[in-house]
Amino acid sequence: AAAHLTMGVVYESMNDLPAAEDAYQTAIRVEPTVTGSRTNLAALLERQAEEAENNARRIAQQDREAAIESLMRSQQLRERVAELRRDELPLLGRDAQLAPDNAAIQYRYGLSLYLQGQQAEALSALTNAVRLEPNTPDFVLALALLHRQQGDLINAIKPIERLLELRPHDLSYQQLYHEVKQQALQPAGPAPGGQ
(Lines give C-alpha, C1' and ligand atoms only; values in the text may rest on other atoms or scores of the structure.)
Protein backbone atom coordinates (compact mmCIF):
# COMPACT_ATOMS: atom_id res chain seq x y z
CA ALA A 1 0.00 0.00 0.00
CA ALA A 2 2.80 2.40 0.83
CA ALA A 3 4.25 2.12 -2.66
CA HIS A 4 0.89 2.79 -4.29
CA LEU A 5 0.26 5.70 -1.92
CA THR A 6 3.62 7.18 -2.87
CA MET A 7 2.86 6.72 -6.55
CA GLY A 8 -0.46 8.49 -6.03
CA VAL A 9 1.37 11.47 -4.54
CA VAL A 10 3.83 11.45 -7.47
CA TYR A 11 1.00 11.31 -10.02
CA GLU A 12 -0.78 14.17 -8.25
CA SER A 13 2.38 16.27 -8.39
CA MET A 14 2.48 15.58 -12.14
CA ASN A 15 -1.22 16.57 -12.36
CA ASP A 16 -2.15 13.09 -13.62
CA LEU A 17 -5.26 12.89 -11.48
CA PRO A 18 -6.76 9.69 -12.96
CA ALA A 19 -3.49 7.83 -12.33
CA ALA A 20 -3.31 9.26 -8.79
CA GLU A 21 -6.88 8.14 -8.10
CA ASP A 22 -6.09 4.65 -9.43
CA ALA A 23 -2.96 4.43 -7.26
CA TYR A 24 -4.87 5.43 -4.12
CA GLN A 25 -7.66 2.96 -4.95
CA THR A 26 -5.08 0.20 -5.42
CA ALA A 27 -3.46 1.05 -2.08
CA ILE A 28 -6.87 0.77 -0.38
CA ARG A 29 -7.59 -2.52 -2.12
CA VAL A 30 -4.15 -4.02 -1.36
CA GLU A 31 -4.15 -3.09 2.34
CA PRO A 32 -7.62 -1.92 3.38
CA THR A 33 -6.65 -1.44 7.03
CA VAL A 34 -3.74 0.95 6.37
CA THR A 35 -4.39 4.66 6.80
CA GLY A 36 -3.41 7.44 4.44
CA SER A 37 -4.70 6.34 1.06
CA ARG A 38 -8.33 7.18 1.87
CA THR A 39 -7.31 10.57 3.22
CA ASN A 40 -5.32 11.41 0.09
CA LEU A 41 -8.05 10.11 -2.20
CA ALA A 42 -10.68 12.10 -0.29
CA ALA A 43 -8.61 15.29 -0.63
CA LEU A 44 -8.11 14.66 -4.36
CA LEU A 45 -11.83 14.04 -4.92
CA GLU A 46 -12.75 17.08 -2.83
CA ARG A 47 -10.60 19.30 -5.05
CA GLN A 48 -12.27 17.78 -8.11
CA ALA A 49 -15.71 18.44 -6.57
CA GLU A 50 -14.78 22.08 -6.02
CA GLU A 51 -13.60 22.34 -9.62
CA ALA A 52 -16.87 20.82 -10.84
CA GLU A 53 -18.87 23.34 -8.78
CA ASN A 54 -16.79 26.24 -10.08
CA ASN A 55 -17.22 24.93 -13.61
CA ALA A 56 -20.99 24.70 -13.13
CA ARG A 57 -21.15 28.31 -11.94
CA ARG A 58 -19.02 29.46 -14.86
CA ILE A 59 -21.06 27.73 -17.56
CA ALA A 60 -24.53 28.02 -16.00
CA GLN A 61 -25.56 30.89 -18.28
CA GLN A 62 -24.30 29.31 -21.52
CA ASP A 63 -25.09 25.62 -21.05
CA ARG A 64 -27.59 24.77 -18.34
CA GLU A 65 -27.43 21.02 -19.04
CA ALA A 66 -23.64 20.90 -18.72
CA ALA A 67 -23.86 22.94 -15.52
CA ILE A 68 -26.33 20.45 -14.03
CA GLU A 69 -24.09 17.56 -15.06
CA SER A 70 -21.14 19.26 -13.41
CA LEU A 71 -23.12 19.80 -10.20
CA MET A 72 -24.23 16.17 -10.17
CA ARG A 73 -20.60 15.08 -10.59
CA SER A 74 -19.63 17.32 -7.70
CA GLN A 75 -22.32 15.79 -5.49
CA GLN A 76 -21.14 12.25 -6.34
CA LEU A 77 -17.56 13.21 -5.51
CA ARG A 78 -18.58 14.76 -2.19
CA GLU A 79 -20.53 11.63 -1.25
CA ARG A 80 -17.45 9.53 -2.00
CA VAL A 81 -15.29 11.91 0.07
CA ALA A 82 -17.65 11.53 3.04
CA GLU A 83 -17.57 7.73 2.68
CA LEU A 84 -13.78 7.64 2.53
CA ARG A 85 -13.47 9.84 5.61
CA ARG A 86 -15.99 7.71 7.54
CA ASP A 87 -14.05 4.56 6.63
CA GLU A 88 -10.71 6.11 7.59
CA LEU A 89 -11.80 7.34 11.04
CA PRO A 90 -11.81 3.98 12.89
CA LEU A 91 -8.48 3.08 11.28
CA LEU A 92 -6.94 6.34 12.45
CA GLY A 93 -8.46 5.72 15.90
CA ARG A 94 -6.78 2.33 15.98
CA ASP A 95 -3.45 3.87 14.96
CA ALA A 96 -3.82 6.62 17.58
CA GLN A 97 -4.33 3.99 20.28
CA LEU A 98 -1.42 1.89 19.04
CA ALA A 99 0.91 4.90 18.84
CA PRO A 100 -0.18 7.29 21.62
CA ASP A 101 3.20 9.04 21.53
CA ASN A 102 3.18 9.71 17.78
CA ALA A 103 2.17 13.35 17.41
CA ALA A 104 1.57 13.15 13.64
CA ILE A 105 -0.93 10.32 14.08
CA GLN A 106 -2.67 12.14 16.93
CA TYR A 107 -2.90 15.23 14.71
CA ARG A 108 -4.33 13.30 11.74
CA TYR A 109 -6.80 11.57 14.04
CA GLY A 110 -7.82 14.93 15.52
CA LEU A 111 -8.44 16.42 12.07
CA SER A 112 -10.43 13.36 11.03
CA LEU A 113 -12.56 13.56 14.18
CA TYR A 114 -13.16 17.24 13.51
CA LEU A 115 -14.30 16.52 9.95
CA GLN A 116 -16.76 13.98 11.33
CA GLY A 117 -18.21 16.55 13.75
CA GLN A 118 -16.69 15.00 16.88
CA GLN A 119 -15.23 18.21 18.28
CA ALA A 120 -14.62 17.13 21.89
CA GLU A 121 -12.67 14.09 20.74
CA ALA A 122 -10.85 16.19 18.14
CA LEU A 123 -9.83 18.65 20.84
CA SER A 124 -8.40 15.83 22.93
CA ALA A 125 -6.37 14.38 20.04
CA LEU A 126 -5.07 17.79 18.92
CA THR A 127 -4.17 18.71 22.49
CA ASN A 128 -2.23 15.47 22.71
CA ALA A 129 -0.42 16.19 19.42
CA VAL A 130 0.64 19.63 20.69
CA ARG A 131 1.73 18.16 24.03
CA LEU A 132 3.93 15.68 22.16
CA GLU A 133 5.33 18.20 19.64
CA PRO A 134 4.82 21.77 20.87
CA ASN A 135 7.16 23.14 18.19
CA THR A 136 5.14 21.97 15.17
CA PRO A 137 3.19 24.99 13.92
CA ASP A 138 0.51 22.97 12.06
CA PHE A 139 -0.40 21.11 15.25
CA VAL A 140 -0.48 24.28 17.36
CA LEU A 141 -2.50 26.17 14.74
CA ALA A 142 -5.12 23.41 14.48
CA LEU A 143 -5.58 23.45 18.26
CA ALA A 144 -5.89 27.26 18.34
CA LEU A 145 -8.42 27.30 15.50
CA LEU A 146 -10.54 24.59 17.12
CA HIS A 147 -10.62 26.49 20.42
CA ARG A 148 -11.56 29.63 18.52
CA GLN A 149 -14.31 27.88 16.58
CA GLN A 150 -15.76 26.56 19.83
CA GLY A 151 -15.81 30.11 21.20
CA ASP A 152 -13.13 29.27 23.79
CA LEU A 153 -11.08 32.37 23.07
CA ILE A 154 -9.09 32.25 26.29
CA ASN A 155 -7.74 28.80 25.43
CA ALA A 156 -7.21 29.85 21.81
CA ILE A 157 -4.83 32.66 22.77
CA LYS A 158 -2.17 30.48 24.45
CA PRO A 159 -1.45 28.32 21.35
CA ILE A 160 -1.48 31.43 19.16
CA GLU A 161 1.11 32.99 21.44
CA ARG A 162 3.13 29.79 20.99
CA LEU A 163 2.86 30.20 17.21
CA LEU A 164 4.24 33.73 17.55
CA GLU A 165 7.16 32.37 19.58
CA LEU A 166 7.86 29.81 16.88
CA ARG A 167 7.47 32.23 13.97
CA PRO A 168 7.47 35.81 15.28
CA HIS A 169 7.48 37.39 11.82
CA ASP A 170 4.58 35.39 10.37
CA LEU A 171 1.94 37.99 9.52
CA SER A 172 -0.90 35.47 9.41
CA TYR A 173 -0.18 34.42 13.02
CA GLN A 174 0.03 38.06 14.08
CA GLN A 175 -3.31 38.78 12.42
CA LEU A 176 -4.92 35.72 14.03
CA TYR A 177 -3.63 36.85 17.44
CA HIS A 178 -5.11 40.34 17.03
CA GLU A 179 -8.45 38.96 15.79
CA VAL A 180 -8.80 36.55 18.71
CA LYS A 181 -7.75 39.20 21.24
CA GLN A 182 -10.37 41.57 19.77
CA GLN A 183 -13.04 38.87 19.94
CA ALA A 184 -12.10 38.10 23.55
CA LEU A 185 -12.52 41.78 24.46
CA GLN A 186 -15.99 42.02 22.91
CA PRO A 187 -18.75 42.03 25.51
CA ALA A 188 -21.00 39.00 25.42
CA GLY A 189 -24.40 39.54 23.84
CA PRO A 190 -27.47 39.94 26.00
CA ALA A 191 -28.66 36.84 27.77
CA PRO A 192 -31.72 35.14 26.22
CA GLY A 193 -34.86 36.71 27.64
CA GLY A 194 -32.82 39.60 29.09
CA GLN A 195 -33.04 43.27 28.25
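**Chat: loop, patch and helices**

User: Where does asparagine 15 lie?
Analyst: In this predicted model, asparagine 15 sits in the loop between helix 1 and helix 2 (17-30).

User: Buried or exposed, that asparagine 15?
Analyst: Asparagine 15 counts as exposed, because its relative accessibility is 58% and the cut-off for exposed is over 50%.

User: Switching to the surface: which residues form the nonpolar patch?
Analyst: Met7, Val10 and Met14 do, and together they have about 260 Å² of accessible area. Valine 10 belongs to helix 1 (residues 2-13) and is partly exposed, at 34% relative accessible area.

User: OK, serine 74 now. Which helix is it in?
Analyst: Helix 4 (residues 64-98) holds serine 74. Serine 74 is buried, with a relative accessible area of 1%.

User: What is serine 74 in contact with, leaving aside neighbours within four places in sequence?
Analyst: Ala49, Ala52 and Glu53 are in contact with serine 74.

User: Last topic, helix 6. What should its 14 residues span?
Analyst: At 1.5 Å a residue, helix 6 (residues 119-132) should span 20 Å. Its end C-alpha atoms are 20 Å apart, which agrees.

User: Which residues in helix 6 are buried?
Analyst: Ala122, Leu123, Ala125, Leu126, Asn128, Ala129 and Val130 are buried there.

User: And what covers them?
Analyst: The cover over the buried residues of helix 6 includes helix 5 (103-115) and helix 7 (137-149).

Definitions and conventions. Residues are numbered from 1 along each chain as its sequence is written. This is a predicted model: local features need pLDDT of at least 70, side-chain atom pairs count only at pLDDT 80 or more; totals for chains, interfaces and linings use all residues. Side-chain values use heavy atoms; hydrogens and water are left out. Helices (H or I, at least four residues) and strands (E, at least two) are DSSP runs, numbered from the N terminus. The expected span of a helix is 1.5 Å times one less than its number of residues. Buried means under 20% relative accessible area, exposed over 50%, partly exposed in between (1.4 Å probe, protein chains only). Contact means heavy atoms within 4.5 Å. Patches are made of residues with over 30% relative accessible area and no salt bridge: like charges are joined within 9 Å, nonpolar side chains (Val, Leu, Ile, Met, Phe, Trp, Tyr) within 5 Å. Accessible areas come from the Shrake-Rupley method with a 1.4 Å probe; for residues, only the protein chains shown count as cover. A salt bridge is a side-chain nitrogen of Lys or Arg within 4 Å of a carboxyl oxygen of Asp or Glu.
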